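Here is a walk through a two-chain model, taken one piece at a time. Keep the structure open beside you and find each residue as it comes up.

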Amino acid sequence: MKIEFWGQEFQVNMFIGCIGGFLIAVMSSMFGFGGGPFMVPLMTVALRLPMYLVVGSSLLAIFFNTSISTMRHYQFGNFDLIFFLAMFPAALLGGYIGPQIAKRVSPLVVKRVACAGLVILALNLLGLY
Amino acid sequence: MNKRMTILPWLIAAMVLVFGAQSVVAAEADAQAAGGAALTLAIDKTEINNGGTIKVSGQAVAGKPVYLEVYAADHTVRANRFDADPDKDTGKRPYIFYITEQMPAYYKIFVPKELQPKIDEEAKKKGKWSYSELLKNLGADAAYTVPAKAKVDRYQSTLMASVVGSRGDLLPQLDEKDNKRRSMQLVKARFRSINNVFAAAVDVKPDGSYTADIKIRDGLAPGKYKIVAVVDKQVKSEAVTFENKISFPSMYMENAGTSMNLLYPFLLTLVVAIFGVLMGAGGGFILNPLLVTLFPALPHTIVAGTVTPTVLFSQGSGIYNYSKIKFINWKLGCGIGTAMLVGGFIGPKLTEMITLAQFKFAFGWILLVLAALMLWQTTPGYLAKNKKEQAILKEFKKRAEEAAKGKN
């Protein structure tokens with residue numbers, strides 16, 4: 001499929017894109033996260049698209065996934081209103097505070113900390129730690 | 001016609017009389033059985049605050065064990081289980097999905113203190129302990145009544161049904177015996193650990209008097225709880241009621257079936273959301289495993305189902321901001337989005353089919369992959385490439401912003 005973005009034309013292999021997107025969607029909706037950290041590498045590495053095209057479009061693709069899985073989770077009774085009301089304001093507040101701190105810390109450090117944190121968390125979930 | 005109309009009320013009256021008399025007789029028989037054996041039950045207080053200890057005492061039959069069945073009377077929760085274990089005789093996997101909405105939010109049987117070794121023995125099996133076997137070994141069968149009455153629905157799952165994201169076909173209603181058997185499995189699926197459903201706490205004296213300290217843990221459903229003392233099928237005490245009070249900032253979560261101090265998830269989400277922004281990704285994949293590990297009382301289905309809408313709004317506002325400066329390729333986003341729509345339709349169905357252990361296992365591996373991805377993003381080769389990309393990204397964004405401004 002050919003797409004045009006800011007005066008440039010890109011050739012996108014929609015087959016790989018859709019298969020990858022589908023798998024990421026099943027996984028992320030099953031475990032209840034957005035899927036962004038997987039979607040961006042898929043689009044940049046597997047589809048060879050430049051970053052500036054990916055940032056917005058991957059968000060749009062994920063939005064489809066999140067909205068339908070929200071509906072489905074609600075339908076299966078997996079949604080708890082009071083729990084949601086406890087977390088939602090915090091998420092909004094975090095989204096407001098975050099960018100103000102972001103200017104002062106190096107994203108590289110954040111990523112390395114996140115990396116270590118994820119490994120610890122993963123080992124904990126796997127029951128090894 | 002007229003005659004029939006006059007007969008009908010009489011007929012109904014007669015039926016009421018007959019059935020009414022029958023139930024009165026039955027009630028009297030029950031009372032006699034209980035009264036004859038003189039099974040009494042008294043508690044020291046009728047109110048606890050988000051958990052606590054209740055001292056129970058009473059008089060039962062000399063030389064016989066006493067069991068206490070304790071359950072939440074005001075709130076029920078959902079329990080479900082996907083049966084994919086091969087059948088012992090045929091080796092076939094049934095793939096049947098069992099679900100009930102009527103499981104009490106709290107259910108526990110307190111058994112005589114001497115039976116502790118039997119509980120310990122079953123606990124050695126770790127995750128593979130069986131509720132029904134332990135119930136039988138403890139001789140507590142007669143005390144198991146409330147969940148047995150919960151209506152269990154079952155669905156025949158097929159691969160095709162899972163693909164289209166449906167639970168499958170609803171199978172005919174279970175008979176009473178099967179319903180009881182399946183409800184035991186659901187008790188385990190819901191409360192998971194042995195200590196949540198059994199405790200050896202009843203001290204029975206040789207003369208038949210008994211005492212017990214009933215510990216009610218925190219984070220449970222508020223409202224009325226009932227205690228029934230049971231010796232066997234015929235000899236049961238009247239139900240005694242006490243109340244569990246929950247006060248703000250702790251609140252009861254109806255679907256999750258637990259009470260929780262709401263400050264904890266608030267603070268946790270705040271920290272994770274800030275961290276997520278710094279990292280340039282939504283925090284859902286950190287928040288989920290953290291919630292599941294830190295608050296074991298929360299079912300994983302509720303965690304997944306409630307975190308998802310939380311990130312929905314930040315995504316929405318992100319899309320809005322990008323679309324204002326025309327920084328989204330709609331064709332690409334919608335194209336891949338359609339595939340994700342199908343995936344997102346199926347995923348939530350799978351969440352309720354897996355157990356918490358499977359959820360943790362899979363999530364652990366996902367996080368390891370994610371950690372590897374992140375590590376790769378901090379390698380020098382990637383950074384060099386990324387720097388160029390980021391520069392181009394900024395350049396284009398600036399152009400886009402200017403174009404958007406120019407138009408206005």
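## A tour of the two chains

B:R192 is found in the loop between α5 (176-191) and α6 (194-197) of chain B. Helix and strand names like these come from DSSP runs numbered from the N terminus, where a helix is H or I over at least four residues and a strand is E over at least two. Before going on, note that this is a predicted model: local features need pLDDT of at least 70, side-chain atom pairs count only at pLDDT 80 or more, and totals for chains, interfaces and linings use all residues. Residues are numbered from 1 along each chain as its sequence is written, while chains are lettered from A and ligands numbered from 1 in the order in which they are written.

Is B:R192 exposed, partly exposed or buried? B:R192 counts as partly exposed, because it has 18 C-beta neighbours inside 10 Å. The cut-offs go like this: 20 or more other C-beta atoms within 10 Å of a residue's own makes it buried, 12 or fewer makes it exposed, and anything in between is partly exposed, with C-beta atoms placed from the backbone.

A:R48 sits in the loop between α2 and α3 of chain A, and it has a positive phi of about 55 degrees although it is not a glycine. A:R48 counts as exposed, because it has 11 C-beta neighbours inside 10 Å.

Now find A:P107, which lies in helix α5 of chain A. It has 16 C-beta neighbours inside 10 Å, so A:P107 counts as partly exposed. A:P107 and A:F33 are 74 residues apart along the chain, and their C-alpha atoms are separated by 21 Å.

**Helices that pack in pairs**

Axes are lines fitted to C-alpha atoms, for helices over the stretch in contact, and angles run from 0 to 180 degrees between N-to-C directions.

| Helix pair | Angle | Axes |
|---|---|---|
| α5 (107-125) of chain A and α11 (356-376) of chain B | about 160 degrees | 8 Å apart |
| α1 (14-31) of chain A and α2 (36-46) of chain A | roughly 165 degrees | come within 10 Å |
| α7(B) and α8(B) | roughly 150 degrees | come within 9 Å |

What handedness does the crossing of α5(A) and α11(B) have? That crossing is left-handed, meaning that the near helix is turned anticlockwise from the far one by less than a right angle; clockwise would be right-handed. On the α5(A) side, the residues that meet α11(B) include A:L118 and A:L125, and their partners include B:F363 and B:M374. Two residues are in contact here if their C-beta atoms, placed from the backbone, lie within 7 Å. This contact divides into 14 nonpolar, one polar and two charged residues. In this scheme Ala, Val, Leu, Ile, Met, Phe, Trp, Tyr, Cys and Pro are nonpolar, Asp, Glu, Lys and Arg are charged, and the others, Gly among them, are polar.

Within chain A, α1(A) passes α2(A) in a right-handed crossing. A:I16, A:G20 and A:I24 of α1(A) make the contact with A:F38, A:M39, A:L42 and A:A46 of α2(A). By class, that gives six nonpolar, one polar and no charged residues.

Over in chain B, the crossing of α7(B) and α8(B) is right-handed. Here B:L268, B:T269 and B:V272 in α7(B) meet B:I286, B:L287 and B:L290 in α8(B). The classes are five nonpolar, one polar and no charged residues.

How many residues does each chain bring to the contact? Chain B gives 85 residues and chain A gives 80 residues. The side of chain B that touches chain A has 49 nonpolar, 29 polar and seven charged residues.

Chain B has 12 helices and 15 strands, and 38% of its 408 residues count as buried.

Leaving aside neighbours within four places in sequence, the contacts of B:L68 include B:V56, B:I109 and B:F110.
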